[in-house]
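Let's take a walk through a protein fold, one piece at a time. Keep the picture open while you read.

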Amino acid sequence: MINFINVASSESGIWYASKRYYEYMSKFTMTQWHDVKWDHYTYDMFRNLVFPETAMDGKVILGDDRLTPINGDNQIMIMHDFFKDEYLPNYIKKEINIRLMKKYNTKVIAVSNYTAELSKQRGLNVIGTFYPPYTVEYISNNKKHNTVLSVGSNDKRKRNDLIADFINKLPDDFNATRIGSPLPKQINIGHRYLYADKVQENTLKSLYDESNYLIFPSEDEGLGLPMIEALFHNVVVIANVKNPILREFNYPKIIVPEKEGDFYIPDYPDINEFEKFRQDYMQKIASQHIKIAKCLDLPNDISEFEISQMVKTTGGAEK
């Protein structure tokens with residue numbers, strides 16, 4: 001049995017990544033999902049750092065480094081990133097947890113090679129990189145129109161100022177949709193702009209299906225899940241050259257402006273480039289599964305082909 005412990009709010013990036021691990025591993029073994037909820041951190045929480053849910057029998061996967069590990073061999077932490085939290089109790093708790101992970105030699109699964117390297121630099125016990133599995137239904141490019149999608153929080157590294165400027169410069173035949181925190185500047189394109197703080201996963205997938213472009217100028221990411229999601233839906237990503245995660249994948253036509261704030265709408269590529277990316281991403285998941293299967297009590301005698309078949313798209317892109 002693998003118990004997933006979640007403290008992240010639903011529809012957040014960490015929640016999505018952990019949920020996809022959970023759904024994927026459910027194909028191979030018994031899994032349970034446990035939500036640990038509180039309104040916000042308080043200093044009283046530091047009197048008892050260990051949540052009872054983290055001491056369950058079987059394997060325990062902590063989906064968020066705000067959860068405190070115990071000195072147990074059955075615990076595995078998903079490491080998403082090392083960004084500092086602006087809310088002081090959150091920051092203190094995360095730092096304490098990382099020190100305990102090092103002391104207890106807690107096993108760590110990183111969501112990218114970049115995060116794995118940062119984890120190793122801090123002396124953590126990385127058992128492997130495991131990209132979050134992702135699937136899509138049949139993709140019809142006939143649904144797509146001139147829409148620019150933006151997904152993200154209000155962290156400074158996300159560069160929401162650049163997103164707002166980009167949207168305000170869109171031609172009259174373009175629309176824009178923002179999911180996440182409000183943008184810091186007034187959007188001046190009127191009814192062509194839609195905003196929601198959170199949407200369900202099916203709604204988000206529909207937005208990807210209908211969009212041609214994702215504007216994602218973040219300067220740093222642990223993985224950059226919206227970029228992966230977009231590319232799985234044949235969406236061109238307009239990214240930031242400063243983002244170190246861009247070196248990790250063979251992206252199809254991912255656009256990096258040469259100068260910060262440059263505005264242009266790139267040509268839409270042949271959709272076969274997206275299919276190549278999807279297959280490469282799934283093959284990496286297959287290889288990663290084999291490397292960490294023993295630590296997760298998953299069958300390790302499954303071929304890469306069989307695993308890639310389990311995580312591949314249920315449909316295909318329209319040719």
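In what order do the strands of the open sheet of five strands stand? The order is β9-β8-β7-β10-β11, and the pairing is parallel. Before we go on, note that this is a predicted model, where local features need pLDDT of at least 70, side-chain atom pairs count only at pLDDT 80 or more, and totals for chains, interfaces and linings use all residues. Residues are numbered from 1 along each chain as its sequence is written, and side-chain values use heavy atoms, with hydrogens and water left out.

## The five-stranded sheet

Helices (H or I, at least four residues) and strands (E, at least two) are DSSP runs, numbered from the N terminus. Two strands pair if DSSP finds at least two bridges between them. Strands of a sheet pair through backbone hydrogen bonds, either parallel or antiparallel.

At the edges of this sheet you'll find β9 (193-196) and β11 (236-239); each has a single partner strand, so one side of each has no neighbour in the sheet. From one strand to the next, the twist averages 20°. (Axes are lines fitted to C-alpha atoms, for helices over the stretch in contact, and angles run from 0 to 180 degrees between N-to-C directions.)

Now zoom in on β10 (residues 213-216): four bridges join it to β11, and the two run parallel. Leucine 214 sits opposite valine 237 in β11. Helix α4 (residues 160-168) lies across β7 (147-152), β8 (175-180), β9, β10 and β11, and runs at about 160° to β8.

## The six-stranded sheet

There's another open sheet, with six strands in the order β2-β1-β3-β4-β5-β6 and parallel pairing. Its edge strands are β2 (31-35) and β6 (125-129), each of which pairs on one side only. Ignoring direction, neighbouring strands here are turned by 25° against each other on average.

Strand β4 (residues 75-79) and strand β5 (residues 107-110) run parallel and are joined by four bridges. Across that pair, isoleucine 76 stands opposite lysine 107 in β5. Helix α1 (residues 13-25) packs on the sheet and touches β1 (2-6), β2, β3 (59-62), β4 and β5 (contact means heavy atoms within 4.5 Å). The direction of α1 makes about 155° with that of β2.

## Serine 112

Look for serine 112 in the loop between β5 and α3 (113-121). Is serine 112 buried or exposed? It counts as buried because its relative accessibility is 0%; buried means under 20% relative accessible area, exposed over 50%, and partly exposed in between (1.4 Å probe, protein chains only).

Not counting residues up to four places away in sequence, serine 112 touches Thr129, Tyr131, Gly222, Leu223, Ile245 and Glu248.

## Where two helices cross

The axes of helix α6 (residues 225-232) and helix α7 (residues 272-292) come within 9 Å and cross at roughly 125°. That's why α6 and α7 are oblique to each other; angles under 35 degrees count as roughly parallel, over 145 as roughly antiparallel, 65 to 115 as roughly perpendicular and the rest as oblique.

Which residues make the contact? On α6 they are Ile228, Leu231 and Phe232, and on α7 they are Phe274, Phe277, Arg278, Tyr281 and Met282.

## Two loop residues with positive phi

Asparagine 234, in the loop between α6 and β11, has a phi near 60°, a positive value in a residue other than glycine. At 0% relative accessibility, asparagine 234 counts as buried. Aspartate 297 isn't a glycine either, yet has a positive phi of about 60°; look for aspartate 297 in the loop between α7 and α8 (304-311).
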